[in-house]
Protein chains: 4
Amino acid sequence: MAVNVALLGAGRIGKVHAKAVGAAAGATLVAVADAFPEAAETLAAAYGARVSTIDEIAAAGDVDAVIICTPTDTHADLIEKFARAGKAIFCEKPVDLSLDRVKACLKTVEDLGATLMLGFNRRFDPHFRAVRAAIDEGRIGDVEMVQITSRDPGAPPPSYITSSGGIFRDMTIHDFDMARFLLGDEVTTVYATASVLVDPEIGKLGDYDSAMVVLTTASGKQCSISNSRRATYGYDQRIEVHGSKGVVSAENQRPVSIEVATEAGYTRPPLHDFFMTRYTEAYAAEITAFVEAIETGTAPSPSGEDGLKALALAEAALKSIAERRAVGMDEV
Amino acid sequence: MAVNVALLGAGRIGKVHAKAVGAAAGATLVAVADAFPEAAETLAAAYGARVSTIDEIAAAGDVDAVIICTPTDTHADLIEKFARAGKAIFCEKPVDLSLDRVKACLKTVEDLGATLMLGFNRRFDPHFRAVRAAIDEGRIGDVEMVQITSRDPGAPPPSYITSSGGIFRDMTIHDFDMARFLLGDEVTTVYATASVLVDPEIGKLGDYDSAMVVLTTASGKQCSISNSRRATYGYDQRIEVHGSKGVVSAENQRPVSIEVATEAGYTRPPLHDFFMTRYTEAYAAEITAFVEAIETGTAPSPSGEDGLKALALAEAALKSIAERRAVGMDEV
Amino acid sequence: MAVNVALLGAGRIGKVHAKAVGAAAGATLVAVADAFPEAAETLAAAYGARVSTIDEIAAAGDVDAVIICTPTDTHADLIEKFARAGKAIFCEKPVDLSLDRVKACLKTVEDLGATLMLGFNRRFDPHFRAVRAAIDEGRIGDVEMVQITSRDPGAPPPSYITSSGGIFRDMTIHDFDMARFLLGDEVTTVYATASVLVDPEIGKLGDYDSAMVVLTTASGKQCSISNSRRATYGYDQRIEVHGSKGVVSAENQRPVSIEVATEAGYTRPPLHDFFMTRYTEAYAAEITAFVEAIETGTAPSPSGEDGLKALALAEAALKSIAERRAVGMDEV
Amino acid sequence: MAVNVALLGAGRIGKVHAKAVGAAAGATLVAVADAFPEAAETLAAAYGARVSTIDEIAAAGDVDAVIICTPTDTHADLIEKFARAGKAIFCEKPVDLSLDRVKACLKTVEDLGATLMLGFNRRFDPHFRAVRAAIDEGRIGDVEMVQITSRDPGAPPPSYITSSGGIFRDMTIHDFDMARFLLGDEVTTVYATASVLVDPEIGKLGDYDSAMVVLTTASGKQCSISNSRRATYGYDQRIEVHGSKGVVSAENQRPVSIEVATEAGYTRPPLHDFFMTRYTEAYAAEITAFVEAIETGTAPSPSGEDGLKALALAEAALKSIAERRAVGMDEV
């Protein structure tokens with residue numbers, strides 16, 4: 001059985017997913033919708049799909065699943081619409097910027113018994129998966145401390161900041177999900193501190209560009225997250241997990257692995273400078289997992305609940321900054 | 001203009017090239033031929049191509065180019081046949097195991113003004129290309145010494161050895177081409193030594209499994225090659241170029257980049273264990289370059305002449321072993 | 001002029017300093033005092049020094065300087081005694097476990113115009129100094145975030161824990177000093193979380209073995225510290241400083257730099273497993289700096305004030321844990 | 001029992017050995033001789049030794065051992081003189097530039113039952129020793145291929161070249177000894193090629209500055225050596241041993257291990273730029289081994305025979321270049 005997929009949103013990330021569908025065994029892209037018809041047409045043509053409206057897709061008998069890559073403020077409504085239409089749903093994070101709206105949406109999904117997968121692509125990065133596998137195999141014993149360093153190559157434009165929900169809901173949310181993926185225990189308290197060191201414009205918009213977060217679990221496990229909106233040397237994405245028997249870490253990735261040694265020393269090239277090239281394999285593997293979940297009728301992971309919990313951690317971080325104290329997850 | 005490509009040989013490497021054609025912008029796989037009809041059918045179906053005979057392909061008006069992945073002893077005849085048929089030709093190395101046959105074949109290609117590209121995939125590896133780019137940019141000054149370490153994960157079966165032409169024509173030939181690619185000067189003398197340390201069966205067949213080669217150029221540049229048919233830790237493929245201003249090297253590649261530290265030390269996973277996974281990007285880039293050469297009407301590189309010169313180096317290496325001396329390239 | 005040095009305390013760290021004095025150009029070890037006469041005699045004999053009492057050393061006309069390596073609870077009294085005796089003083093950290101006692105002691109030192117240097121050896125590690133030099137040279141622009149990972153190979157015995165003042169005053173204090181050394185700004189707030197994950201005995205004594213700390217400065221710079229009393233792979237001591245133009249980091253150190261690759265992967269040996277072997281060069285450089293400060297009449301660094309500030313950070317960390325909030329340095 | 005040592009030659013390497021004697025438990029430097037009295041006096045004063053003539057040292061009842069650091073052309077005569085005087089002898093390589101003279105000298109040493117150790121310092125480098133230990137422990141199975149990369153930071157002055165015996169007797173000789181140390185089998189054939197790429201002056205003196213050598217053993221093991229008199233990035237000293245079960249390698253050493261990442265990439269500092277700083281630990285360990293051999297009455301290693309064999313390999317390399325062929329060790 002081939003899974004027929006429709007794509008909602010033909011922008012930057014939509015193209016990445018269209019390519020992943022094209023490459024996935026057992027999946028076919030059949031329809032593309034976008035507010036800009038030309039974008040939809042170009043992408044549809046490249047994969048032999050048709051251009052449709054969102055309503056047409058919801059009503060289409062030959063569409064099994066949808067991939068939602070539209071703006072964030074449309075996610076929750078679309079999830080509910082397609083849950084009602086009986087389609088399996090893959091949605092880019094976040095479901096919504098409001099915790100209450102997310103909860104309501106997930107309630108609808110649950111009541112309808114719909115299939116929903118959240119787009120936390122990093123869980124599918126082969127290096128991060130290998131870190132998790134090393135933990136699962138017991139190579140480092142019991143997990144004690146997680147350290148996540150996550151820095152963007154450069155700050156997004158102010159227009160993006162405005163609709164992003166701020167650094168914690170937009171950027172750190174990936175690290176919150178990774179922390180949960182690696183800690184193996186739910187987080188109980190959050191402490192965060194943040195400042196504006198990169199771009200004063202970001203501060204004027206009420207957001208931050210530099211942040212550190214410490215998470216703790218009921219059993220005393222700890223996790224630190226270090227974020228910056230700027231890393232001159234590329235997209236800095238490292239994780240390290242310290243356990244009772246050792247430590248496992250994932251190194252940064254670069255497009256080419258050469259080294260030049262001269263009088264000035266030994267130099268290797270900068271890292272990937274874009275999340276799409278850094279996470280190429282992860283995006284493909286995530287869509288493959290979505291298709292497999294549909295084919296096998298199993299619940300996809302990460303789930304809507306994972307999306308909710310990561311967002312709740314972002315809320316707690318903001319509350320922590322406002323009150324300069326550790327915030328319990330039972331408070332948000 | 002789309003370049004229509006036919007594939008001759010639907011085996012292991014044929015599949016790799018079919019996938020590369022499928023992914024290449026501007027190229028379409030239209031026909032597949034193979035002595036085993038089922039192999040051809042499976043591959044043709046996957047890419048929407050037809051199954052054809054070699055003669056049909058030679059006569060087909062809609063085929064612009066052929067990719068030859070058949071057994072080595074058919075290469076020269078097929079090159080000549082398709083040169084006469086006016087098709088652009090990509091052929092896996094080597095053109096033939098006999099220097100004279102290669103020369104005759106290339107003469108035919110030249111006389112017909114045909115387009116021929118040889119499959120030295122490593123020239124298209126992004127890491128090795130970056131090494132060459134560093135040289136071209138003058139970062140290490142004048143090239144003085146090249147060191148190539150090239151070890152297979154494991155020895156091939158005796159049946160393969162028999163038809164391979166031996167380690168120098170089969171395995172070292174890639175390193176000979178890489179040496180020429182990096183030295184920037186033609187090799188004038190060859191010294192080789194070889195032994196059987198991995199598998200006595202290889203020795204019984206008159207071949208070697210462990211070899212070292214030293215090449216020199218007229219201007220005194222030097223190149224060492226170290227080959228083994230076995231590397232327990234994966235596919236070991238390193239190059240280093242030492243120049244008047246510094247050194248540039250390409251590191252080994254592994255599927256996942258994690259490190260686990262325990263009482264036993266710091267451990268990273270083994271390397272890629274197969275040439276196809278190691279050189280995935282190189283195979284795709286090589287076919288892209290072939291297609292671009294056809295589209296732009298430029299001479300593809302590496303050329304048939306490059307194939308001839310690498311094979312001549314293999315001949316010289318064998319003569320060097322037999323005579324325990326440095327052999328001049330004017331002797332072969 | 002040679003500086004004549006007396007050593008107070010011939011234990012483990014005393015031996016390290018005796019060797020450093022022996023190797024330092026311009027310094028001579030003339031006297032050793034220890035509560036255990038045999039320890040003093042052995043060490044004195046090895047360096048041609050005499051065994052003395054503390055009072056004799058204070059009164060000795062040929063002693064220019066003392067190195068205090070006695071138990072922590074004697075430090076403040078000894079500093080005051082030798083400040084009055086007109087000797088230059090090098091004292092192992094901390095001056096005292098009580099902030100008030102430290103302040104009183106430093107007041108005495110200041111009033112007497114005495115020379116006092118604190119034993120924060122890590123400031124003299126060549127790798128950490130190179131990190132600081134890279135910052136000072138402007139290679140990473142303005143410092144924004146410091147990340148310190150500092151893990152002991154194994155937990156100390158309960159008897160040590162009891163008199164240590166706890167993990168923050170005993171272990172993290174080095175990291176607090178390093179944070180100040182690298183941030184280039186005074187810390188204004190401290191958040192800490194800690195738990196007992198390594199050894200329940202440590203918890204029974206009211207101490208912790210696993211901790212994370214976040215420091216912030218008035219200008220919004222941030223620093224994270226990650227501590228564990230156990231690292232199976234050796235003495236884990238890393239620092240990383242992220243700035244507006246890049247990042248600089250110091251790698252871990254191991255006794256031998258080899259790598260073995262087998263079917264199981266690529267393995268490098270564990271790190272140094274003891275602070276004395278890890279910081280051999282730092283201990284020697286620290287004593288050399290002390291001697292040079294005496295010879296040139298300049299104020300040694302790190303100073304008593306540096307010791308006080310690091311201890312205040314430890315106090316703030318403890319208060320933060322008790323109150324689950326960020327503590328301002330103006331509160332301790 | 002303390003071993004009393006006299007030093008012959010107070011130059012650059014003499015100072016290194018004097019310091020090593022000073023640091024070695026159980027050894028005392030008692031006398032120093034040098035053609036330049038001032039050099040001898042300075043060094044003697046620093047270690048509380050007396051200045052003596054060579055004849056006085058030979059006759060001195062309180063001298064157990066001598067360390068010969070005089071010019072090469074005096075080595076053989078001094079070895080014979082002190083063998084007759086009943087002193088244990090440590091001599092810097094080489095014994096002599098003439099194979100016949102070395103043989104005669106070693107015959108005298110043997111006839112007198114004297115103790116002679118040769119100064120191949122690299123055998124005592126902790127990293128290279130760890131490589132050898134990994135082999136001895138069977139971690140890489142049977143040794144098959146050794147690769148030695150050995151490049152000086154810069155070419156020596158012409159005056160040094162003239163008396164050095166040329167690159168093979170002066171520089172490669174260390175690599176020849178390391179090859180023997182690691183191969184575990186005697187070399188049977190030598191092929192060498194060399195050119196002048198660094199400094200034309202070296203060529204005018206009849207020497208080379210760039211060389212590659214391939215050694216083979218009777219059982220088919222192979223070893224490559226790559227030498228250059230210039231490496232802009234520091235003192236490049238790498239070894240790699242490939243065996244049936246894996247590979248072990250020793251990495252280069254640098255004074256400080258930091259990394260700076262910026263837009264331009266990731267940069268680590270250059271390597272050590274001088275053999276004395278690179279091999280500090282090796283020089284100390286070599287003298288310690290000499291003293292221990294004297295104390296325990298065991299034969300020191302490396303022996304005079306090791307010195308002879310390394311020199312014979314240099315002779316074979318020169319013959320190989322002259323005759324452009326592999327030279328059997330039974331030919332020199």
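Predicted model: local features only at pLDDT ≥ 70, side-chain atom pairs only at ≥ 80, totals over all residues.
Me: What makes up the contact of H5(C) with H12(C), by class?

Reply: From H5(C) come Leu99(C), Val102(C), Lys103(C) and Leu106(C), which meet Gly304(C), Glu305(C), Leu308(C), Leu311(C), Ala312(C) and Glu315(C) in H12(C). The classes come out as 6 nonpolar, 1 polar and 3 charged residues. Gly counts as polar, so Gly304(C) is placed in that class.

Me: Which residues in H1(C) and H11(C) meet?

Reply: Ile13(C), Val16(C), His17(C), Ala20(C) and Val21(C) sit on the H1(C) side, and Tyr283(C), Ala284(C), Glu286(C) and Ile287(C) on the H11(C) side. They divide into 7 nonpolar, 1 polar and 1 charged. Glu counts as charged, so Glu286(C) is the charged one.

Me: At what angle do helix H8 and helix H12 of chain A pack?

Reply: H8 (residues 167–183) and H12 (residues 304–323) of chain A pack at about 115 degrees, their axes 8 Å apart. H8(A) passes H12(A) in a right-handed crossing. Their contact has 10 nonpolar, no polar and 6 charged residues.

Me: Now for the chains. How do you know that Arg230(A) forms a salt bridge with Glu144(C)?

Reply: The closest N and O atoms of Arg230(A) and Glu144(C) are 2.1 Å apart. The limit for a salt bridge is 4 Å, so the pair qualifies. Across the interface of chain A and chain C the rule finds 6 salt bridges.

Me: How many residues does the contact take from chain A and from chain C?

Reply: Chain A gives 42 residues and chain C gives 42 residues. About 3200 Å² is buried between them, and carbon and sulfur atoms give 55% of that area.

Me: What makes Arg268(C) and Glu259(B) a salt bridge?

Reply: Their side chains meet at 2.8 Å, N to O. Again the limit is 4 Å, so Arg268(C) and Glu259(B) pass. There are 2 salt bridges across the interface of chain B and chain C.

Me: What area is buried between chain B and chain C?

Reply: About 1200 Å², with carbon and sulfur atoms giving 48%. Tyr233(B), Tyr266(B) and Arg268(B) supply 45% of the area that chain B buries against chain C, more than any other three residues. The contact takes 16 residues from chain B and 16 residues from chain C.

Me: One last stop, in chain D. What does Glu315(D) touch?

Reply: Leaving out residues up to four places away in sequence, Glu315(D) touches Leu97(D), Leu99(D), Arg169(D) and Val332(D). Glu315(D) itself lies in helix H12 (residues 304–323) of chain D.

Note on methods:
Residues numbered from 1 in each chain as written. Chains lettered and ligands numbered in written order. Heavy atoms only, no water. Contact = heavy atoms within 4.5 Å. Helix = DSSP H or I, 4+ residues; strand = E, 2+ residues; numbered from the N terminus. Buried area = accessible area lost by both parts, 1.4 Å probe. Axes fitted to C-alpha atoms, helices over the stretch in contact; angles between N-to-C directions. Left-handed = near helix turned anticlockwise from the far one by under 90°.
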